[in-house]
Protein chains: 2
Amino acid sequence: MSSPSTSVLKGKTVLPADKIQQIGLLYAVNDKYGGVMVDMKEPMDSHIYVPLLRASISQWRQQGKKGVWIKLPIQLANLVEPTVKEGFRYHHAESDYLMLVHWIPDSPDALPANASHIVGIGAFVMNNKREVPHLDCSINISMLFSELKVVVGHRVLVVKEKHGYFEGKDAWKFPTGVVNQGEDICTAAIREVKEETGIDTEFMEILAFRQTHKQFLGKSDLFFVCMLRPLSFDITKQDSEIKAAQGSYGGFSAVRPSSGKQNYLYFNGQDFKP
Amino acid sequence: MSSPSTSVLKGKTVLPADKIQQIGLLYAVNDKYGGVMVDMKEPMDSHIYVPLLRASISQWRQQGKKGVWIKLPIQLANLVEPTVKEGFRYHHAESDYLMLVHWIPDSPDALPANASHIVGIGAFVMNNKREVPHLDCSINISMLFSELKVVVGHRVLVVKEKHGYFEGKDAWKFPTGVVNQGEDICTAAIREVKEETGIDTEFMEILAFRQTHKQFLGKSDLFFVCMLRPLSFDITKQDSEIKAAQGSYGGFSAVRPSSGKQNYLYFNGQDFKP
């Protein structure tokens, strides 16, 4: 006796309707915007892939699907050209995959934008220990933003870069760096200071930020100037100075919302205390 | 008599050394980080391309070049697989091109990161005209950031979305949107309010921002809550209210640096006046 979902016809097993549909179609997962996502994982010859893709698009069109996403790992680079020939465009790429998209309906393409910004930080660490390299911060801040020149009159932590733009130049600068994919701005500031100077710090607030366009390869850049406080033995000596500086300028401090979401909210905590 | 750069040998013109080198190599432009960039524009068969690429890499290696960038327009999707087979990885992609990279030296890959963030805005427009849809802003702000609930007690401009996440839901929300590639945050806020409500506004300041991870396709999100002021006939009536609200909270206003660079600097202009 056959199982409820399989019929036996003249001694041959006939697959149920839902299984039949999967033969000859690409495996796709629905997204929450009325589209489908195909995550190609196994190697496939383009002569097998193209008929599958065509049949799948035909079915998705019948089903009223909108955006079709195809994620091709770099190992399946052989399928990029065939996918483009079927009307797909690139959406974005990371080191190990390329995402292609196709908008099925006649309506205007409502697919979301690619990531547009690289996020960087500059770490402004107040420190009056004479053994760390320092300059008057007014000189250093002017390297970043001349507008902030007079905000503070303290000594700050500066470094000389071994690589990058300042390589070989006799210039002191703030510890700076790129915020990694998935990293919090406040975490990145602490990490960069540790990496560049070995000093442990605590994030205080964002003093300012700058948005710049057409920086690297046409992308935009958001650069956050963060104030940090060193977690070193002479911290007590500094406390009053830091507080004085804070009192004179309300930056954006970081608060993790109580809702439990894994994100930070940055606002002027000096002016607004919930 | 031959020109200084061309020798004549037994009646045949011999190309100068620099021209000979260009035959059989891909045309590349040096970047400022010791690498080269190849911007492929004309269609090319992969059987012609691969020997050119191999010879070029060999030459770049001899020259001590570091990062090699190859930009392939989507029309040249046929060259993606051959480029990957020669040891390149993906760097990033936009709708119409794919950028591949290869790090020649034995040293660790120091290629810059791909863009990691999508930037969005929420527009907080203070308006006491009764004919525009409104709710108590405490309700609306709580939809974004519950922490800011009590900052202001005014009526604000809210909209109902026709598309996207709030489509079909009976929810009022702030005008929100994605900052376009190359667009300033303050410009995007004004544009979104105009598009969604038809109201012209002036950018006042950024009240707060939020960083969220793994939002869309693994990318991160920076969402800026902007305060704007409507450029409508009853603006006089509102002035005092707006100023009162401003006085109670120092956000980040936008200033274009005098250096003439095409970027905006955002900082607490209430606490710091240059």
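Analyst: Happy to. The contact takes 74 residues from chain B and 74 residues from chain A, where contact means heavy atoms within 4.5 Å. This is a predicted model, in which local features need pLDDT of at least 70, side-chain atom pairs count only at pLDDT 80 or more, and totals for chains, interfaces and linings use all residues. Residues are numbered from 1 along each chain as its sequence is written, chains are lettered from A in the order in which they are written, and side-chain values use heavy atoms, with hydrogens and water left out.

User: What makes B:Glu94 and A:Lys219 a salt bridge?

Analyst: The rule asks for a side-chain nitrogen of Lys or Arg within 4 Å of a carboxyl oxygen of Asp or Glu. Here the N to O distance is 2.3 Å, so the pair qualifies. Across the interface of chain B and chain A, the rule finds 2 salt bridges.

User: Which strand of chain B gives the most to the side that touches chain A?

Analyst: Strand 12 of chain B, with 7 residues; strands are DSSP runs (E, at least two residues), numbered from the N terminus.

User: Why is strand 12 of chain B called largely enclosed?

Analyst: Because 10 of its 12 residues are buried, meaning under 20% relative accessible area (1.4 Å probe, protein chains only).

User: How do you know that strand 12 of chain B and strand 13 of chain B pair?

Analyst: Pairing needs at least two bridges found by DSSP. These two strands have 10, in the antiparallel sense, so they pair. B:Phe209 stands opposite B:Phe224 in strand 13 of chain B.

How values were computed:
Helix = DSSP H or I, 4+ residues; strand = E, 2+ residues; numbered from the N terminus. Buried < 20%, exposed > 50% of the residue type's maximum accessible area, 1.4 Å probe, protein only.
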